[in-house]
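Dear colleague,

Please find below the structure I promised to pass on to you, followed by my notes on what was found in it.

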Amino acid sequence: MGKDAFEITLNIVKMILIFLVMVQLVPVLVWAERRVSGFMQNRFGPNRIGPLGLMQLLADAVKFLFKEPFFPAKGVAAMYHAAPVMALIPGALALAAIPLSSAVIVEPFQWLGREFGPYTFLAQGYDFGVGIVMVLGISSLGAYSLLMAGWGSSNKYSLLGAVRASAQMISYELALGLSLVGILMIYGTFSFQEMINQQLGQALHFNALGKEVVISWLPNWGIFYNPLGALIFFCATFAESNRLPFDLPEAEGELVAGFHTEYGGFALLMFYIGEYGHMMVASALVTVFYLGGYTMPFYEITPAYVQQAWFGGMHPNWASLLTGVVFALVMLVKVMLLLWVFIWVRWTLPRFRYDHLMDLGWKTMLPWALFNTILTAAWIAFSWR
Amino acid sequence: MLTSTDFLFYVLAFISVFFGAAVVIARNPIYSAMSLVITMISVAFLFGALDAWFLAGVQLIVYAGAVTVLFVMVLMLFDLKHEMKTFSKGLLGNGVKLIASGVTLGMLLVYIWSTYATEPTFKPLPPAATSSIKATKDLATSLFTDYIFAFEAIGALLLIIAVGAVTLSRITGGTHHADS
Amino acid sequence: MSSLLALLIFVAFLAAFGIFIIVGTSALGPKPEVSKAKAMPYESGVVGTEQKDSRMSVKFYLTAILFILFDIEIIFMYPWAITFMDFVKSGQGMYMLGGMGVFVLLFVVGLIWEVKSKALDWN
């Protein structure tokens, strides 16, 4: 029982840490988004408070805390107040399932006359072995928050926004799920950790028609094995996180502000945390599936290598920790670049009309995802290593 | 001694039974549907407690993430005042609820009784898989070798359902014809 | 099982965090008298006429049903996808390809039929 209690506490602490990182990244992203939007439209964006306007985040957070609580007259209190709480959960849970760095291994040691270890600290909240299936399952619960908010605030714009949003989310979930089948065939596993391990190696290499092909100037990443699937997956995640050009649920011109019309203050911020959480999950998934996860391209770093390379050697525990930190930074850089793409696309593409959006999901992306699946299956069956 | 697995089972079983009862008892159909969501999620984690993580994920994706979303969406979309009046108040509504719950409970009791009354004959279980990914691969292997016909039949069944749903949605008239 | 227990406790923590924030901010913020006009559904200043449960297109319902059907088909492909490579290596690749081929064919027929029948058109 003592060991159980230790593991449970450890897992909870890790999940709370990941959640806090997610919550802390949201104001940074909001700032980046406003700043980048400003530059793209030839204006400044927030630049007054603190260096580069960075203190704006703090000011906003404090302002949100002291906002007036509002409840619409005809609203349903339970649904109205539960919706923002519900918005937090799927994003935080899904992010906790993704390995953000390599495991830190602590060798057995003696302390206060007792034996401890060996310990393996995974850099993820939980690992049930079916990685992506759990993440898809948990993030599919995101639709409830929107529906609860839309129905609970008793406003026709809110409800219409919520219903549109959930119809959009479920439509693109098909393309999202199907686009992954191809890459799953190549990896042969659901586990994120194994996928990352399979993307190790110096250069892209595969067997084509009985010959071994090595392309030394490309990293051994999933995106080069399944580019079409990667493209469809990345596009579908835009729709899943309700971002432009797919932000129909909150299309200002038509629906006031969509499902969160009647919300203000910190409740609204919680919806934003949910939305940015979805974006982070999407970026992390793209990184793990297609961009090698937390590993560096071309250079294979292992704790043993770090231990050797450090001046005069290093204790294996510290080497393992240092490797973990390096990998976490690599992961952060990759995820941040993808989040930048999210912001970039927002100001590059116009919003879709609703029927075009549904057409794109059902008649373009779903068939192409199916084509990708068939192509990959045929490729594997006829000429794989 | 209550191990963590036992504790988990009791908590999840309590949640699923409690909210399962709430599905029947709640007056407002929306609250019924939301209770159903929680029941589905706790059933998914019950699968997880049995180390069937793939099934848990499928339960979340298909039942909690798709089927119940459909229920909630439909209940929110349509004007349910008449249905609420008919089914949540008055003798008829309560009678229907009582009869339905009684029949279900009776069937469950008969099933449990018949299982325990006769000597159970279990098939020998296959050796437990070492990891959930191995378990999923075993599941896939038996699905695509022993049960391949059933699998293809599911494909045909889903096609028929799709055609049926589209055809039904095209029918005009009925109760909604008069006020459109 | 400890990780599942930790997960459930984490969900409880998140819910508690959310409720704490909601309750806390409503305690911190000012509480002026909410006028009747302010509490009305926001419709850009126009007095609203419609009720929240006004009728909507049946299309959303149809979309949701079709989504469930395709979702089930895609879920069936997942265990197939992760075992496919193993079967190819053991020389049974063609069998698995055929088995899924029939299933995917039914999927394609369904998709084509729905596109042709205009069930997916939003006009």
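The largest nonpolar core has 187 residues, and those with the most contacts inside it are Leu147(A), Ala175(A), Met76(B) and Phe84(C). A nonpolar core here is a set of buried Ala, Val, Leu, Ile, Met, Phe, Trp, Tyr and Cys residues joined through C-beta atoms within 7 Å; a residue is buried if 20 or more other C-beta atoms lie within 10 Å of its own, exposed if 12 or fewer, and partly exposed in between, with C-beta atoms placed from the backbone. The helix α6(A) gives the largest share of this core, 21 residues, where helices (H or I, at least four residues) and strands (E, at least two) are DSSP runs numbered from the N terminus.

Please keep in mind that this is a predicted model, in which local features need pLDDT of at least 70 and side-chain atom pairs count only at pLDDT 80 or more, while totals for chains, interfaces and linings use all residues. Residues are numbered from 1 along each chain as its sequence is written, and chains are lettered from A and ligands numbered from 1 in the order in which they are written.

Leaving aside residues up to four places away in sequence, Ala175(A) touches Ile232(A), Ala236(A), Gly361(A), Met365(A), Leu366(A) and Ala369(A), two residues being in contact if their C-beta atoms, placed from the backbone, lie within 7 Å.

As for chain A as a whole, its secondary structure comes to 14 helices and six strands, and 52% of its 385 residues count as buried. Helix α4 (residues 131-139) of chain A has nine of its nine residues buried, so it is largely enclosed by the rest of the structure.

Between chain A and chain C, the contact takes 61 residues from chain A and 57 residues from chain C. On the chain A side, α6(A) supplies the largest share, 13 residues, and by class this side has 42 nonpolar, 10 polar and nine charged residues; Ala, Val, Leu, Ile, Met, Phe, Trp, Tyr, Cys and Pro count as nonpolar, Asp, Glu, Lys and Arg as charged, and the others, Gly among them, as polar.

The contact between chains A and B takes 22 residues from chain A and 21 residues from chain B. On the chain B side, α3(B) gives the most, with 13 residues, and that side has 14 nonpolar, seven polar and no charged residues.

With best wishes
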